[in-house]
Amino acid sequence: MTLHHFHLEGKWQGGRNSEGYINAGNLQTKISIPPEMDGPGIGTNPDEMLLGAAATCYIISLAAMLERAEVPVNTMSITSEGMVDVTNGIFTYEKIIHRPHVTLKKEAAEQQIRLTNKLIEKAEESCMISRAIKGNVQLGLEPTVQIEK
């Protein structure tokens, strides 16, 4: 078994509407409560970071699977949406929807198109962030697969 360790250092000054700073290796940024939640909107926030972790884990997992399957990918992109419910002052991260867009090269066979759609689903199940939040946050996929023109 291999156990990987990731570390983060954080600083926060003041009360609720103050700002802080985090340093986690390549991630170094100011943090605060987002304006949607009546915060100052300085730097990033936990909502964006959870969405970013889920989206990057998903797209990297999908890219690795498509590469191993030797699917002729031309381009890949993703948009993701996170939904946070506020009921009685309690904030709950309800759902994340990933919208991957995969364009295959012209020479892609019908079997490779079907495999791409299968791997789009499988990548969500394989991503460690998706597995970590499963049962607490709904996960949805709205993929687009096309052949380059």
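Three salt bridges were counted, a salt bridge being a side-chain nitrogen of Lys or Arg within 4 Å of a carboxyl oxygen of Asp or Glu. The model is predicted, with local features needing pLDDT of at least 70 and side-chain atom pairs counting only at pLDDT 80 or more, while totals for chains, interfaces and linings use all residues. Residues are numbered from 1 along each chain as its sequence is written, and side-chain values use heavy atoms, with hydrogens and water left out.

Arg 99 pairs with Glu 81, the closest N and O atoms being 3.0 Å apart. Arg 99 is in strand E5 and Glu 81 in strand E4 (residues 73-87), 18 residues apart; strands (E, at least two residues) and helices (H or I, at least four) are DSSP runs, numbered from the N terminus. Glu 142 also forms a salt bridge with Arg 99, at 2.7 Å between the closest N and O atoms. Lys 30 forms a salt bridge with Glu 19, with the closest N and O atoms 3.7 Å apart. Lys 30 lies in strand E3 (residues 27-31) and Glu 19 in strand E2 (residues 19-24), so this pair ties together parts that are 11 residues apart in sequence.

One disulfide was found, defined as a pair of cysteine sulfur atoms within 2.5 Å. The disulfide joins Cys 57 to Cys 127, with an S to S distance of 2.2 Å. The torsion about the S-S bond is about 135°, so the disulfide is right-handed. Cys 57 is in helix H1 (residues 46-68), and Cys 127 is in the loop between helix H2 (110-126) and helix H3 (128-133).
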